[in-house]
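I opened this notebook to record what I looked up, entry by entry.

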Amino acid sequence: MTRRGRGVPWLERLVFIVYLGLTLDFTSAQLRYSVPEELAVGAVVGNVAKDLGLDLSALIARGFRIVSGSGAPLFQLSQNGILLLNQKIDREEVCERITACVINIKTVLENPLEVHYVGVEVLDVNDHAPTFSANETHLEISESTLPGARFQLQGARDPDSVMFSIQHYKLSQNDHFRLEVKDRGEDGKIPVLFLHKPLDKEAARSHRLLLTAVDGGKPARTGTMAIKVTVLDVNDNMPVFSKESYTAVINENSPIGTTVIQVNATDLDDGLNGEVVYSFGNNVNNKLHDLFEVNANTGEIIVKGLLDFEAKDRYEIDIKASDKGPVPLATEKSIKISIVDLNDNAPEIEVTSFSSAVPEDSKPGRTVALISVHDKDSGVNGKVICSINEDVPFTITPSLQENMYSIVTKSMLDREHQSTYDVKIFAKDAGEQPLTSEKTITVTVSDVNDNAPEFLTNPYTVYVTENNVPGTPLLSVSAHDCDEGSNALISYNIVRNAIEHQKVTSFLNINSEIGQVVALKMFDFETLKTFQFHVVAKDSGTPSLSNNVTVDVFILDQNDNAPVILYPLSSNGSAEGVEEIPRNVNAGHLVTKVRAYDADIGYNGWLLFSLQEVTDHSLFGLDRYTGQIRTLRSFTETDEAEHKLVILVKDNGNVSLSATATVIVKLVEPKEAFAASDVKSAAEDDEDNNMTFYLMLTLGSVSALFLISIIVLIAMQCSKSTEYTSKYLQETNYDGTLCHSIQYRSGEKRYMLVGPRMSIGSTIVPGSHANTLVLPDRRHASEELAILPPFRGKVKWAVSSQTDLLEGEVKLG
């Protein structure tokens with residue numbers, strides 16, 4: 001279908017366009033087409049896509065469509081953007097009593113969002129002939145009626161537009177009547193019968209006339225109505241209204257039975273010829289009969305139906321006043337009624353376009369929805385203000401098109417904080433008693449990978465007993481990702497580098513899905529007491545995010561080492577020593593001291609001494625904790641000269657391990673003892689000089705190591721974010737064995753480890769082969785240093801005093 005005007009003669013088209021331009025206010029549109037009414041369904045209206053310059057290949061992908069209301073659409077868009085008729089259009093039905101019939105169409109393109117307006121003007125064709133409500137009308141006119149009297153007739157109706165509606169009336173040739181036409185604006189032209197010559201009943205009792213209505217078509221169409229005029233005898237006074245004009249104002253939606261106005265007419269005649277009754281005029285259509293009624297006796301015009309300002313804002317009604325004479329005389333008067341608009345229509349909200357899912361990384365200003373509002377009221381009652389609820393990260397902004405609004409993001413979104421929003425749209429008019437409408441749309445926030453995995457705890461602390469079975473799980477780490485879908489799918493890995501791979505991580509494996517860490521080797525507390533590694537949790541997003549956690553592993557000691565006898569010295573698998581003492585010693589004399597150590601730590605390395613075998617229980621006693629053997633009484637002449645003592649050394653493990661040592665005690669005469677003592681004293685002097693040198697060297701080394709350890713500990717403490725303290729304290733309740741104790745803290749737990757220990761400040765004990773230095777008992781606030789016999793391996797040692805503690809390692813042998 002071509003643009004508007006094609007198919008209409010050029011002169012008539014020119015006149016029509018000029019007429020419309022002078023009288024009508026067109027609705028603005030980006031495109032405008034025109035089609036005649038009564039076209040067949042499927043007729044082409046225009047190529048919208050081509051006229052808008054749209055890319056035809058992207059129309060389907062962008063969802064090019066018409067936004068229609070609730071009724072059946074009059075038009076449809078083809079896939080290539082051509083506007084077609086969807087149903088047959090009857091202009092008189094679509095645009096009743098409207099001069100320019102323009103149908104506005106709103107088209108929408110998605111991604112990106114575009115709205116285009118198309119106006120289609122439906123051109124009228126002369127498809128209706130003028131018609132009268134009745135084929136014949138009757139008039140009764142008194143013969144006394146003077147020339148110049150006018151009788152308004154029922155006008156014809158033609159629903160076509162002004163151009164094709166009724167243009168004039170014709171009256172058949174006669175001597176008494178002429179025809180006048182009264183223009184009533186939008187109500188059309190009304191024929192009025194004009195009495196040109198007085199009637200004479202005796203000459204003619206009645207007259208028959210033919211009224212013809214002619215429209216503006218080419219060729220013109222006509223309609224006729226017969227008029228029968230009956231001449232009556234003398235009732236020569238007509239009712240006269242009290243006012244020249246009547247006007248009334250009434251609110252729309254006024255209740256039925258409300259009086260609009262009351263008219264009054266009088267008749268100078270007497271009797272029935274002077275009694276006046278009221279009724280609608282001959283030209284009042286049926287619609288007015290449905291809305292109003294006239295009280296025949298009082299002249300009140302009363303509301304009968306629903307008055308709606310949006311349907312029509314004013315009415316003009318003809319009221320006829322007639323007398324009751326034998327030949328009634330009647331007078332008609334026009335009543336103009338104006339309808340006052342009330343705010344009786346709530347705004348209507350229409351969601352034109354809507355993006356139900358918005359990415360959480362959308363920048364402020366992203367369009368979420370496009371809405372339009374409409375209010376059927378007029379003036380301020382039809383002015384609409386839109387808003388949305390304030391508890392959402394969106395705002396509403398007006399569009400360039402009137403009554404169009406956009407809902408856009410006003411701040412950054414966070415799906416992990418809130419994944420959906422109910423956006424309530426409020427539309428409120430500006431009436432004195434405003435009416436509101438509400439509509440809710442749900443906006444979903446889609447996920448992006450903006451959260452790294454978070455571990456449940458950091459660091460992890462694990463305690464593992466030594467001699468564990470390879471393949472046994474050490475622990476399971478767990479991390480949580482606030483994202484969803486693949487963005488929250490976590491895999492676990494152990495951080496490995498060149499150095500750590502050789503030391504620790506080479507014997508660890510982790511299940512990448514569940515985070516379970518497995519040890520592939522057996523741990524030995526005496527070799528490795530603690531180690532640390534790192535686990536990385538990585539999500540599957542694009543790009544992926546990761547986080548790591550520190551795992552501190554502490555190896556717990558088991559009683560897997562038996563005590564080792566240091567003195568007496570072992571030979572061929574058995575420890576046996578010989579001690580010579582004078583026979584005249586007193587009770588409490590220190591015979592010797594059995595020395596032993598246990599590689600385990602804690603209670604597993606805490607040693608207890610007991611006499612397993614002794615020749616005379618009354619002579620010798622053994623200290624349970626120190627291993628010192630002392631005399632219980634003085635020797636007598638009857639006591640044997642040689643005694644055998646078998647000492648059992650046992651640790652404190654759950655399953656105790658033990659070792660035995662044999663000490664042979666020989667009683668000698670005092671002179672022999674003194675000679676042996678002199679020999680040993682010489683050796684002792686040489687050994688003491690050497691011992692002093694080594695002792696000074698050891699103390700200097702220990703002091704340096706202590707200072708270095710303090711500096712390293714301070715540096716480690718400052719570099720760690722998690723509190724981790726390890727305090728080493730001497731065990732004050734244990735004495736006599738080559739052991740030391742270590743106390744350390746991890747978190748809220750406290751542990752004590754016990755191992756071999758050496759003390760200083762002792763003297764050489766005779767009979768100890770210059771290998772043992774002995775101090776008095778610690779109950780006298782003294783200390784001891786044990787110099788071990790040749791021994792391969794590392795031995796834990798401690799130099800202690802009442803106020804200070806130094807620790808380290810020395811290699812013996």
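I count two strands as paired if DSSP finds at least two bridges between them. The model is predicted, and I read every entry below with that in mind.

**Entry 1: strand β30 and its partners**

I started with C386, which stands opposite A427 in β30. I then looked up the pairing around it. Strand β27, residues 384-388, pairs with β30 in the antiparallel sense over 5 bridges.

Is C386 buried or exposed? C386 is buried, because its relative accessible area is 10%, and the cut-off for buried is under 20%.

Next I checked strand β31, residues 436-446. β30 and β31 also pair in the antiparallel sense, over 9 bridges. T420 stands opposite T444 in β31. The two strands form a hairpin, with 6 residues between them.

Which residues of β30 make up the covered face? I found Y421, V423, I425, A427 and D429 there. The uncovered face holds T420, D422, K424, F426 and K428. In a regular strand, side chains alternate between the two faces of the sheet. A427, the residue opposite C386, is on the covered face. T420, opposite T444, is on the uncovered one.

**Entry 2: a sheet of four strands**

I traced an open sheet of 4 strands in the order β33-β40-β39-β36. Its pairing is mixed. The edge strands are β33 (460-465) and β36 (490-494), each of which pairs on one side only. Neighbouring strands here are turned by 30° against each other on average, direction ignored.

β33 and β40 (residues 546-556) run in the parallel sense and share 6 bridges. The bridge partner of V464 in β40 is I555.

**Entry 3: nonpolar cores**

I looked up the largest nonpolar core, which has 28 residues. Which members touch the most others? They are L508, F533 and V535. The elements that give two or more residues to this core are β33, β34 (473-476), β36, β37 (508-510), β38 (516-519), β39 (530-539) and β40. I noted a second, separate core of 27 residues, including F241, V260, V263 and I301.

I listed the contacts of V535, leaving aside its neighbours within four places in sequence. They are F455, V477, Y492, N493, I494, I510, N547, N548, V549 and V551.

**Entry 4: cysteines**

How many disulfides does a search of the whole structure find? It finds 0. I also checked C482, which counts as partly exposed because its relative accessibility is 41%.

**Entry 5: T137**

I found T137 in strand β8, residues 136-142. T137 counts as partly exposed because its relative accessibility is 21%, and buried needs under 20%. T137 and I227 are 90 residues apart in sequence, yet 5.0 Å apart in space, C-alpha to C-alpha. Beyond its neighbours within four places in sequence, T137 is in contact with M225, A226, I227 and K228.

**Entry 6: S165**

I placed S165 in the loop between β9 (150-152) and β10 (166-171). Why does S165 count as buried? Its relative accessibility is 14%, and the cut-off is under 20%. Not counting residues up to four places away in sequence, S165 touches D158, D160, V214, D215 and G216.

Methods
Residues are numbered from 1 along each chain as its sequence is written. This is a predicted model: local features need pLDDT of at least 70, side-chain atom pairs count only at pLDDT 80 or more; totals for chains, interfaces and linings use all residues. Side-chain values use heavy atoms; hydrogens and water are left out. Axes are lines fitted to C-alpha atoms, for helices over the stretch in contact, and angles run from 0 to 180 degrees between N-to-C directions. Buried means under 20% relative accessible area, exposed over 50%, partly exposed in between (1.4 Å probe, protein chains only). Contact means heavy atoms within 4.5 Å. A nonpolar core is a set of buried Ala, Val, Leu, Ile, Met, Phe, Trp, Tyr and Cys residues joined through side-chain atoms within 4.5 Å. A disulfide is a pair of cysteine sulfur atoms within 2.5 Å.
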